[in-house]
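User: I would like to go through this model step by step and understand the grounds on which its features are described. Could you take my questions one at a time?

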Amino acid sequence: MLKTFSIGGVHPHENKLSAHQPIITAEVPAKAVILLGQHIGAPAKPIVAKGDVVKVGTKIAEPAGFVSAAIHSSVSGKVAKIDTIVDASGYAKPAIFIDVEGDEWEETIDRSTTLVKECELSTEEIVKKIADAGIVGLGGACFPTQVKLCPPPSFKAECVIINAVECEPYLTADHQLMLEHAEEIMVGVSILMKAVKVNKAFIGIENNKPDAIELMTKVASGYAGIEVVPLKVKYPQGGEKQLIDAITKRQVASGALPISTGAVVQNVGTAFAVYEAVQKNKPLFERVITVTGKSVAKPSNFLARIGTPMKQLIDACGGLPEDTGKVIGGGPMMGKALVNIEVPTAKGSSGILIMNRKEAKRGEAQTCIRCAKCVSACPMGLEPYLLGALSENGDFETMEKERIMDCIECGSCQFTCPANRPLLDYCRLGKGKVGAMIRARQAKK
Amino acid sequence: MENKLIVSLSPHVHGGDSVQKNMYGVLIALIPAFLVSLYFFGLGALIVTATSVAACLFFEWAIGKYLLKKPTTTICDGSAIITGVLLAFNLPSNLPIWIIILGALFAIGVGKMSFGGLGCNPFNPALAGRVFLLLSFPVQMTSWPVVGQLTAYTDATTGATPLALMKQAIHAADKSAAMDALNRIPDALSLLIGQNGGCLGEVSALALLLGLVYMLWKKIITWHIPVSILATVFIFAGIMHLADPEKYVSPVLQLLSGGLMLGAVFMATDYVTSPMSKKGMLIYGVCIGLLTVVIRLFGAYPEGMSFAILIMNAFTPLINTYCKPKRFGEVAKKK
């Protein structure tokens with residue numbers, strides 16, 4: 001029996017159209033727009049000004065606080081302005097605009113492809129290098145990695161779990177990265193193990209990627225303490241709590257930090273970025289992005305500089321199809337619908353999904369028939385039908401008691417609802433209101 | 001502006017399940033039982049079912065349009081057809097048409113539409129209709145045609161059902177009378193296939209079980225409610241049988257006779273009126289099983305299934321309030 005998480009889950013069509021497409025290095029954009037808030041926490045503070053000359057890898061913004069991350073230029077050229085641009089969330093956000101001239105990299109970056117296995121650095125040095133490289137969780141949540149590597153002293157890390165699940169339909173970036181850079185990833189995992197002082201790491205890969213499981217298992221045998229764990233295909237297995245449950249059978253209690261189970265979860269892309277940062281002195285300024293969709297001429301996996309307009313990547317796949325209804329930053333279950341395709345890529349951009357008009361339409365919502373399918377689907381053991389009704393009626397106090405803050409917004413409830421009810425919309429509304437209530441209460445104290 | 005993009009929140013895909021798919025799935029699951037009833041009751045089964053379905057559809061349409069003034073009709077969602085079929089399945093095959101129409105009016109009008117339609121009704125509409133008829137027309141509702149009269153309708157010869165015989169045995173004046181009644185109960189095999197009197201949909205346990213398998217396979221329902229009901233009845237009736245085999249029949253006969261199978265598979269599993277969490281479903285099922293056996297063995301009526309389900313329908317909101325699903329993270333806290 002393959003392992004998987006214990007409560008709920010759904011099986012969306014996988015639609016991995018771009019699977020096994022080799023990673024293509026995308027063209028350097030003519031103008032790069034680098035957002036200052038590409039991570040959870042405070043947006044970074046710019047340390048360049050209009051007219052400054054930057055190289056590829058030059059630090060252009062400093063972290064502003066404990067939970068924040070440094071940002072580096074992904075191109076060489078001149079800073080044109082610091083202004084706002086509409087990002088994937090649909091809001092105008094501050095960003096550094098750079099006019100690209102040539103492609104000159106910082107000299108400190110090792111651009112060779114030779115594998116550097118040995119790492120003599122101490123734990124502190126590793127964490128510092130990761131922080132300096134501006135690495136954040138590349139699975140999509142974009143939590144600054146160095147923060148995750150320094151858990152509060154009351155917790156003790158017992159193992160590293162590498163999230164190579166890629167449970168979102170359509171996305172193949174992590175899969176292809178594993179096929180092409182297995183060795184580098186293993187070194188990255190070893191470095192992460194050293195950073196949190198554990199000697200055990202698990203790499204969770206869903207069973208729909210048998211080639212990646214085979215290759216990673218083979219490569220892992222050359223590294224001490226790294227074990228590849230094949231997992232049964234089920235969404236949302238890539239959720240941090242679900243993955244810890246699937247692999248260690250320990251469940252993170254409501255409101256507790258994932259580290260309370262002793263597991264430090266990192267995305268497989270993050271492990272690769274850690275390798276490049278620590279062994280090659282390369283800050284995080286490019287990543288693998290899947291561009292896909294049923295009407296897309298050539299679904300592909302790109303290695304793209306951060307700050308590349310999404311339009312450029314879509315054009316490289318044959319352009320925006322005629323029947324486009326929706327463009328999504330990320331996967332179909334948790335991704336964000338984009339307002340326009342000039343949105344620049346960010347550290348958390350794992351994919352661009354183009355849906356045709358027919359797919360993009362939501363079905364008409366009907367009355368709840370109380371079939372309880374959402375209750376069976378919820379991976380957190382909540383009752384989405386009830387939360388939806390409470391939210392609709394504005395009863396946020398009861399929503400808090402019904403543990404709305406446990407909701408991970410995976411969308412399984414809405415995906416499964418026969419009555420097409422916008423359950424996650426209601427849950428999000430409730431989460432926002434209850435979150436504000438909790439903050440107001442804490443502020444009073 | 002060209003290339004206008006749709007912007008909405010995630011998830012951007014849907015599993016493709018729909019209310020219609022589930023409702024028509026239940027109807028497909030009802031086909032074997034309907035065919036068996038046609039085979040045993042012939043014309044009567046056809047008239048009763050057709051009248052009931054037509055009347056339910058009509059009342060759903062008329063009430064929605066003229067009383068509730070809904071912009072669109074809800075008769076296409078399949079739920080009114082299910083109510084019609086299930087109501088018919090709970091009636092004797094010789095019931096006069098006007099009584100059936102009254103039952104349909106009560107089921108759809110009072111049982112369902114008065115609460116706002118599908119999804120809002122606290123009680124199973126078909127059962128509400130059946131119990132209304134049972135209390136209003138006790139004679140017509142408890143005279144059961146003997147199987148095999150294919151062309152007879154209201155003129156069909158009637159006879160005692162297995163459940164009535166079981167009741168006779170319990171209330172028998174002396175031992176020989178009890179034995180006599182018990183001996184007239186058909187054996188388990190003929191009950192399974194359906195060679196006995198009763199409501200037209202409940203005669204064949206096998207056909208109903210086929211429907212159950214189909215609904216489980218299509219993931220329309222989960223096993224929790226039917227299995228907990230059947231297991232409870234089997235255990236409770238089994239204990240009673242062991243205590244006094246001369247008075248109480250074997251649990252196998254209890255399981256296969258009357259409306260138990262129909263109720264456990266199609267009536268208690270009604271989405272709208274059953275609990276939402278797995279734990280709640282089990283409690284609901286166990287209670288229905290217990291109540292059914294209590295009514296069958298100690299109550300005034302030979303059959304307790306419909307009362308048991310309606311009573312537990314009333315407890316469903318309470319069960320939903322107190323039986324929460326297993327929350328993620330609660331296992332870890334105990335350790």
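Analyst: What follows is a set of questions and answers about a predicted model.

User: Why is Cys368(A) called buried?

Analyst: A residue is called buried if 20 or more other C-beta atoms lie within 10 Å of its own. Cys368(A) has 23 other C-beta atoms within 10 Å, and therefore Cys368(A) counts as buried. As for its place, Cys368(A) sits in the loop between α8 (357-360) and α9 (373-377) of chain A.

User: What makes Cys371(A) buried or exposed?

Analyst: The cut-off for a buried residue is 20 or more other C-beta atoms within 10 Å, and Cys371(A) has 24 C-beta neighbours inside 10 Å, so Cys371(A) counts as buried. Cys371(A) also lies in the loop between α8 and α9 of chain A.

User: What makes up the side of chain A that touches chain B?

Analyst: In the contact between the chains, 55 residues of chain A meet 33 residues of chain B. On the side of chain A that touches chain B, β15 (324-329), β16 (336-337), α12 (412-416) and α13 (423-444) of chain A each supply at least two residues. β15(A) gives the most, with five residues. By class, that side of chain A has 29 nonpolar, 15 polar and eleven charged residues.

User: What makes β15(A) mostly covered, and with which strands does it pair?

Analyst: The cut-off for a buried residue is 20 or more other C-beta atoms within 10 Å, and five of the six residues of β15(A) are buried, which is the ground for calling this strand mostly covered. β15(A) pairs with β17 (351-356) of chain A in the antiparallel sense over five bridges, and Lys326(A) stands opposite Met355(A) in β17(A). Strand pairing requires at least two bridges, and β15(A) and β16(A) have two bridges in the antiparallel sense; Gly329(A) has Lys336(A) as its bridge partner in β16(A). In the hairpin of these two strands, with six residues between them, Gly330(A) takes a positive phi near 110 degrees.

User: Why are β11 and β12 of chain A said to stand at the edges of their sheet?

Analyst: The open sheet has four strands in the order β11-β10-β9-β12 (chain A), with parallel pairing. β11 (226-231) and β12 (263-267) of chain A each have a single partner strand, so one side of each is left without a neighbour in the sheet. From one strand to the next, the twist averages 25 degrees. At one end of that order, β9 (159-163) of chain A pairs with β12(A) in the parallel sense over five bridges, and Val160(A) stands opposite Val264(A) in β12(A).

User: Which helices lie on this sheet?

Analyst: Among them is helix α3 (173-195) of chain A, which lies across β9, β10 (201-206), β11 and β12 of chain A and runs at about 145 degrees to β9(A). Helix α6 (268-280) of chain A also packs on the sheet, where it touches β9 and β12 of chain A, and its direction makes about 80 degrees with that of β12(A).

User: How do you know that Ser277(B) is buried, and with which residues is Ser277(B) in contact?

Analyst: Against the cut-off of 20 or more other C-beta atoms within 10 Å, Ser277(B) has 22 C-beta neighbours inside 10 Å and therefore counts as buried. Ser277(B) lies in the loop between α13 (260-267) and α14 (278-298) of chain B. Leaving aside neighbours within four places in sequence, Ser277(B) is in contact with Val375(A), Cys323(B), Lys324(B) and Pro325(B). Ser277(B) and Lys324(B) are 47 residues apart along the chain, while their C-alpha atoms are separated by 6.2 Å.

Methods:
Residues numbered from 1 in each chain as written. Chains lettered and ligands numbered in written order. Predicted model: local features only at pLDDT ≥ 70, side-chain atom pairs only at ≥ 80, totals over all residues. Contact = placed C-beta atoms within 7 Å. Nonpolar A, V, L, I, M, F, W, Y, C, P; charged D, E, K, R; others polar. Axes fitted to C-alpha atoms, helices over the stretch in contact; angles between N-to-C directions. Buried ≥ 20, exposed ≤ 12 C-beta atoms within 10 Å, placed from the backbone.
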